[in-house]
Amino acid sequence: MRLARAALVPLAALGLVAAGLRLAAQEGAPPPRLALVADLVARVAPSVVRIELTPGRTRGDLPRRHLLRPVSGRDGGSGLVVGRDLVVTHGALADAAAPAFTVTTARGQRVAATLLHLDARREVAVLRAAEPLQAPALELAPAWPRTGELVVALGDPFGTARDAAPTVTFGVVEGRARLDAPEAAFQGEVLLTSAAINPGSEGGALVDLAGRVVGLLAPLARDRRSGALHGHALPAEAVLAALVAAREGGPRWACRLALAPDGGGLLVERVVAGGAAERAGVRPGDLLVRAGEVVLDTTDALRAALAAGGALRLVLVREGAEVTLELAPEGGR
Amino acid sequence: MKLPAKRPAASVGLLAVVVFAAAVDLRPVSGEGGAEPPERAVSRALSRAVDAGARHLVAIRPADDDARRRARSGVVVGPDLVATCASNVDVFGVDDLVVEDAAGRVLPASLRGRDLRLRVVVLRVPDLGAPAPAPVTERRAGAFVLALGGVLGGPAAPTATQGVVSVTGRFEGRADQVDAPLDASTWGGPLVDLAGGLIGVTVHVDARLGERSGVGFAVPVPRIQAVLERLAQGDQLEAGWIGVVIPRHDDGEPGVPVRGVVPNSAAAAAGLQTGDRIVGVAGRAIPGRRAFREVAADLYAGQAIELEVLRAGTARRLELTVAPRR
């Protein structure tokens, strides 16, 4: 029986989850409480915002005859706070001809935003809000998630959220694939997920259990070869690349960093071609330790050091030896 | 526009098992006699959650449907009272119904009231009794839930699908949204948390969503209990309407400003004027738009309430009788 089987497998999953969290099996034990995802959502949800196109259609004051109104797909979607006043969303929502938006945070803050950069090839739009957003910036995951990794999707399907609280679905990373979808411009590999994604979620976040963004939710796409409808997300690296490109002058300091496992510096995962990092000689695998006198224990520390401008002496560890690189004054961020 | 349906969630499960198990601290739980393998502990914790939740589960069917071909799920929400999704009884097309409980008893049931807004009906089932309610421990977005159905195996052998709460308080608090797969075998049945605590009654909302879209809804049990007495008496509850226009966004001050009053509405009859500021409804303070919408969503036609308004800085109280919506 198809239905019964469908029911059983996720149940088994839930069960193991329960065991993993040491749910007491004794009689009379307190009721099981599995707050892992709920706690994560509480932390991440404030940084998922609603994006409306301006001028938008009136939604709120219509008589509510139906629980769900038709979705045009042009009414708006979701976005992610990635900086003090920076929001990224899916390129499908942005139109360079009408670059005005309204961003609503979970706290109810409504801010006008303009299109800073539309990366049409990667389908990522970067918006700049007119004032600082009352929402913490999300962290991008340093690498692709593994297949099977548990992920949480947060977006605002159907634009029905009353107070900008995003909708949460849960699933796994099904894998990475190159979709052959006629409506998709993105030509690279995308993340496939089993977490339910519905219209209006595009621009929302796919996060791992650490709360890091592994993908930017994309519109449902029908694969031309298989005919299957896929919930998918653009990889975090596409978001990062669009953010880098959004900065004036294209890629300047461009490499992908991760905090080293022991916290003793920043581990370089990838160096973007043409950026200042590459010109300075930074290589993947380098452990950045100091920039000038600044100890690099967070990416913010590096950002601050670079923002100060001027020539910078970058101290790093490569294959066990300390190496010093000179960063040119134009080294930007 | 037809909303595209998502493919089944079943394929997810196995991977989730492996990865989640690896991701968390899989320490064996000690049972009565020493360490117990995690699979066993799991199986027990799980079956306990389903068992606890299934105490609320019943199957409803026409009295002449002995083969249970047309059975639908229902939830015991009070002494001798069962709630289910309104569309369930609509498909029966007859009033002569029976309810089967988890103990296998088949009891005659009579259809009582209907809440048009919650899309829920209540049946009275003499001698059914009511289980001791387990408290709801977790209902936040991201909380794990089970949707139970009493159709395929009968209420004695419930089916369950698993998901998380997607968002609470959808539609002004009338429903919680979940990503657990729901279909005709579960609609009307209980949505429970991991402790078997009864969160809500799953409802069939919109066929456009598709059964496996990852979008499902459940009416929170407290919402049903708030009107249970009237539904048990057989009342048909209709959405209420005040007839006041408020701005789409808060202006930062407490209360909501009245942008307009619909002619011949309850608000007009009560003497509400454009420019008034509503600061309280039915004894509840109104800090802003959201609170107002929530309170307004709780109102039923025919209900008498008091509005607290500020008019030119002076506090006033207005008596208002809520009108049916159109």
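**Entry 1: contacts in chain A.** I started with how far apart in sequence the contacting residues of chain A are. Among contacts between residues at least 6 apart, 61% join residues at least 24 apart. I'm working from a predicted model here, and I noted its scores: ipTM 0.70 and pTM 0.70. Of its 333 residues, 50% count as buried.

**Entry 2: the barrel.** Which strands of chain A make the closed barrel? I traced six, in the order S7-S8-S9-S14-S11-S10, with antiparallel pairing. From one strand to the next, the twist averages 40 degrees.

**Entry 3: around S8(A).** I zoomed in on S8, residues 167-177 of chain A. Is S8(A) mostly covered or uncovered? Mostly covered, since I got eight buried residues out of eleven. On one side I followed S7 (residues 150-155 of chain A), which pairs with S8(A) in the antiparallel sense over six bridges. In that pairing, Val152(A) stands opposite Phe170(A), and Leu154(A) has Val168(A) as its bridge partner. S8(A) also pairs with S9 (residues 190-193 of chain A): I noted four bridges, again antiparallel. There, Arg176(A) stands opposite Leu191(A).

**Entry 4: a helix on the sheet.** Helix H2 of chain A, residues 36-44, packs on the sheet. I saw that H2(A) touches S7, S8 and S10 (205-208) of chain A. The direction of H2(A) makes about 40 degrees with that of S7(A).

Entry 5: Val152(A) sits in the largest nonpolar core, which has 136 residues. Along with Val88(A), Val239(A), Val82(B) and Val145(B), Val152(A) touches the most other members. Helix H3 of chain A (residues 236-246) gives this core its largest share, ten residues. I also found a second, separate core of 23 residues, including Val256(B) and Ile286(B).

Entry 6: The mean pLDDT of chain B is 84, and 84% of its residues reach 70 or more. Where does pLDDT stay under 50 in chain B? Over residues 1-33, for which the model still has 88 contacts beyond four places in sequence. Where pLDDT is low, the predicted coordinates should not be read in detail.

How values were computed
Residues are numbered from 1 along each chain as its sequence is written. Chains are lettered from A and ligands numbered from 1 in the order in which they are written. This is a predicted model: local features need pLDDT of at least 70, side-chain atom pairs count only at pLDDT 80 or more; totals for chains, interfaces and linings use all residues. A nonpolar core is a set of buried Ala, Val, Leu, Ile, Met, Phe, Trp, Tyr and Cys residues joined through C-beta atoms within 7 Å. A residue is buried if 20 or more other C-beta atoms lie within 10 Å of its own, exposed if 12 or fewer, and partly exposed in between; C-beta atoms are placed from the backbone. Helices (H or I, at least four residues) and strands (E, at least two) are DSSP runs, numbered from the N terminus. Two residues are in contact if their C-beta atoms, placed from the backbone, lie within 7 Å. Two strands pair if DSSP finds at least two bridges between them. Axes are lines fitted to C-alpha atoms, for helices over the stretch in contact, and angles run from 0 to 180 degrees between N-to-C directions. pLDDT is the predictor's confidence in each residue, from 0 to 100.
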